[in-house]
Amino acid sequence: MTEPFGARLRHAMDERGPLCVGIDPHSALLTAWGLNDDVAGLERFSRTVVEALAGRVAVLKPQSAFFERFGSRGIAVLEKSVEEARAAGALVVMDAKRGDIGSTMAAYAETFLHKDAPLFSDALTVSPYLGYGSLKPAVDLARENGAGLFVLALTSNPEGGEVQHAVRTQDAAGRDVGATMLAHLAAENAGEEPMGSFGAVVGATLGDLSSYDLRINGPLLAPGIGAQGATPSDLPAVFGAAVRHVVPNVSRGVLRHGPDVVALRDASDRFADEIRDAVEAA
Ligand SMILES: O=c1ccn([C@@H]2O[C@H](COP(=O)(O)O)[C@@H](O)[C@H]2O)c(=O)[nH]1
């Protein structure tokens, strides 16, 4: 029986620090690395990131969109990257942000969360905006296979508030949509030790979140550090007492230092050190 994702992630965070580095092969980054914006460039880019970082960071997060744009050959590179990253000791969070009615969600779950699937990943980002209940097939399959989910709750982009801060008239407690997602996740993770496998995406860019109950007993994936303007030193003010559950994500902020493997490692180590200092001081 595979150990649940939440437990595996907690151990990895304790051992390697909580940093998650994104594998985001933007066209502009391929060019900056001296690579062609084609499948060969994509493959070289991804292989380099995995070689540089899979042995030292807790989590790698491939952004599926940048692989999908090359069609089936891009997906083949993604499969290989996931396999190699996991073999080298990193947990892989597939950032594909899937969400659909339950019957279709079941197929997405089979794609990323079934242990025999070519794209099996330790966790998957999902969108709950067809209703949290529509994610049930993914929750169930993740549990069965020792995998996890990261549910979009309060995203890092400035446009997210129009949906996520909307207050549901049916909600007696007057919670907004983001808070409702956090409450669902807290229920999902209740009683799990050392932490549950069902995390929330909560942007590091969002400023003071003290009006939200972030104690979901699960991981908080926090994109927005680096290119989107947040810094590791923002984490305690944003996440308060929940800061030790935060998995801060940096993509372009690290990747822009490639293609040199040593420079990528140095950039990642600098973020990891700053994150550790910020969390320890909190
Ligand atoms: O709220 C969200 C959810 C996901 N993302 C993704 O994270 C990375 C961020 O990349 P940077 O280069 O560090 O800005 C990217 O893959 C996004 O799609 C997010 O930014 N915000």
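Which residues does UniProt list for "domain: Orotidine 5'-phosphate decarboxylase"? The unreviewed entry gives residues 18–267, in the numbering used here, with the caution that feature names are shortened and annotations may be inferred rather than shown by experiment. The model itself is predicted, so that local features need pLDDT of at least 70 and side-chain atom pairs count only at pLDDT 80 or more, while totals for chains, interfaces and linings use all residues. Residues are numbered from 1 along each chain as its sequence is written.

The chain has 12 helices and 8 strands, these being DSSP runs numbered from the N terminus (helices are H or I, at least four residues; strands are E, at least two). Within residues 18–267, 39% is helix and 16% strand, and the end C-alpha atoms of this span lie 15 Å apart.

Of the 282 residues in the chain, 49% are buried, where buried means that 20 or more other C-beta atoms, placed from the backbone, lie within 10 Å of the residue's own, exposed means 12 or fewer, and partly exposed falls in between. In helix 3 (residues 39–53), the buried residues include Leu42, Phe45, Val49 and Leu53.

Glu3, by contrast, counts as exposed because it has 12 C-beta neighbours inside 10 Å, and it lies in the segment before helix 1 (5–16). Leaving aside residues up to four places away in sequence, Glu3 touches Arg8 and Gly146, a contact being a pair of C-beta atoms, placed from the backbone, within 7 Å. The C-alpha atoms of Glu3 and Asn145 are separated by 8.9 Å, although these residues are 142 apart along the chain.

Terms used: The expected span of a helix is 1.5 Å times one less than its number of residues. Two residues are in contact if their C-beta atoms, placed from the backbone, lie within 7 Å.
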